[in-house]
Amino acid sequence: MMKFEWRTIKAIARKDLRLALQNKNILVPTILVPAIILVIIPAIMVSVPRWASLDEMSYDDIEPFIRMITAAGLNIDMSDYVEAWIIGSASYMFAPMFLIIPLMTSSILASDSFVGERERHTMEGLLYTPVSTRDLFIGKVLSAFVPALIIEAVSFVAYAVVVNAAGYYAMQRIFFPPTFWWVLLLWLGPGVSLSGIGITVMISSKTQTFVEAQQWSGILVLPIVLVMVGQLAGVFVLGTGIVFLIGAIFWAVGIAATLYGAKTFHRSELISQV
């Protein structure tokens with residue numbers, strides 16, 4: 001059995017990551033989008049009771065929301081509307097939006113994996129190096145997967161600090177994260193990243209420009225949208241079991257896409273496109 005040349009694989013991944021950090025088209029959205037989705041918007045949402053007088057709302061107004069989030073296993077005092085809003089918005093409403101971060105990061109980096117080489121006119125030199133096709137493909141995958149996990153972890157810490165700080169005036173305690181968020185962080189998030197990478201790398205190897213690859217990979221956000229719609233429609237709630245199940249689906253798709261991409265990846269096709 002042919003062994004993986006991990007030294008070569010890591011060298012390819014490091015090179016891709018270094019070039020990605022020098023590209024504003026990659027660096028700006030990977031910083032700006034998490035800041036908006038997981039810092040600015042959550043801080044506003046959690047602070048709503050300060051000026052909206054939610055404690056004066058009737059139970060009928062907020063009952064559907066409370067029942068949905070308590071069904072997810074969140075420990076909430078159903079008689080305290082302010083607590084219900086803060087915990088519900090921080091722990092429940094933003095869970096699907098959090099998944100956009102690893103998906104977006106991995107798809108952006110994966111889109112640049114081959115198209116970026118072509119646009120920088122470095123593809124030909126890379127393809128003629130004495131590196132196995134399999135190692136080259138795995139190096140490209142790792143160059144997107146590892147940074148996506150790091151950005152996901154940093155975003156999680158930032159989000160936890162923001163929502164706990166914004167809601168402390170009413171909660172008087174650290175209330176985030178609940179149990180299912182750890183499953184989301186450690187299981188579902190990486191699965192989302194891998195599935196996005198596996199599909200995007202294949203797209204990137206077939207397209208001519210970074211923008212074109214990004215446009216095609218944009219369809220990958222549809223499963224996240226379906227999760228958000230499913231929650232809003234009351235079809236399901238993101239408890240620990242649901243998160244684990246959805247994560248298993250994403251992991252299966254990610255592994256299958258990555259294996260298929262490695263199997264069908266041919267240097268000759270890329271050389272002909274240079």
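These questions and answers go through the helices, ring pairs and salt bridges of a predicted model.

Colleague: How many helices and strands are in the chain?
Modeller: From the N terminus on, the elements run α-α-α-α-α-α-α-α-α-α-α-α-α. The count is 13 helices and 0 strands.

Colleague: What share of the 274 residues is buried?
Modeller: Buried means under 20% relative accessible area. The accessible surface of the chain comes to about 13,200 Å², and 69% of that belongs to carbon and sulfur atoms. Of the 274 residues, the buried share is 50%.

Colleague: Among contacts between residues at least 6 apart in sequence, what share joins residues at least 24 apart?
Modeller: Contact here means heavy atoms within 4.5 Å. Among the contacts between residues at least 6 apart, the share joining residues at least 24 apart is 80%.

Colleague: Is the pair of Phe156 and Trp181 stacked or tilted?
Modeller: The structure holds 12 aromatic pairs. For Phe156 and Trp181, the ring centres are 6.3 Å apart. Planes under 30 degrees apart would count as stacked, over 60 as edge-to-face. Here the planes stand at 35°, so the pair is tilted.

Colleague: Which helices hold Phe156 and Trp181, and how far apart in sequence are the parts they tie together?
Modeller: Phe156 is buried at 6% relative accessibility, and Trp181 is buried at 0%. Phe156 sits in helix α8 and Trp181 in helix α9, so the pair ties together parts 25 residues apart in sequence.

Colleague: Is the pair of Trp187 and Phe244 stacked or tilted?
Modeller: Trp187 is partly exposed at 27% relative accessibility, and Phe244 is partly exposed at 48%. Their ring centres are 5.0 Å apart.

Colleague: Which residues of α12 are buried?
Modeller: Helix α12 has 25 residues and reaches 36 Å from its first C-alpha to its last, close to the 36 Å expected. An α-helix has 3.6 residues a turn, so residues three or four places apart point the same way. In α12 the buried residues are Val243, Ile246, Gly247, Phe250, Gly254, Ala257, Thr258 and Gly261.

Colleague: Which residues does Trp6 contact, leaving aside its neighbours within four places in sequence?
Modeller: Trp6 is in helix α1. At 45% relative accessibility, Trp6 counts as partly exposed. Beyond the neighbours within four places, Trp6 is in contact with Ile138 and Leu142.

Colleague: Which residues are linked in a network of salt bridges?
Modeller: Asp16 meets Lys15 in a salt bridge at 3.0 Å, N to O. Lys140 also meets Asp16, at 3.0 Å. Asp16 is buried at 7% relative accessible area, and Lys140 is buried at 0%. The network links Lys15, Asp16 and Lys140.

Colleague: How far apart in sequence are the parts that Glu83 and Arg173 tie together?
Modeller: The side chains of Glu83 and Arg173 meet in a salt bridge at 3.6 Å, N to O. Glu83 lies in helix α5 and Arg173 in the loop between α8 and α9, so the pair ties together parts that are 90 residues apart.

Colleague: Which residues form a nonpolar patch on the surface?
Modeller: The patch has about 490 Å² of accessible area. One of its residues, Ile44, is in helix α2. The patch is formed by Val28, Leu32, Ile36, Ile40, Ile41 and Ile44.

Definitions and conventions
Residues numbered from 1 in each chain as written. Predicted model: local features only at pLDDT ≥ 70, side-chain atom pairs only at ≥ 80, totals over all residues. Heavy atoms only, no water. Patch = residues over 30% accessible without salt bridge, like charges linked within 9 Å, V, L, I, M, F, W, Y side chains within 5 Å. Areas by Shrake-Rupley, 256 points an atom, 1.4 Å probe, with all protein chains shown as cover. Salt bridge = Lys/Arg side-chain N within 4 Å of Asp/Glu carboxyl O. Helix = DSSP H or I, 4+ residues; strand = E, 2+ residues; numbered from the N terminus. Phe/Tyr/Trp six-rings, centres within 6.5 Å; stacked < 30°, edge-to-face > 60°. Buried < 20%, exposed > 50% of the residue type's maximum accessible area, 1.4 Å probe, protein only. Expected span 1.5 Å × (residues − 1).
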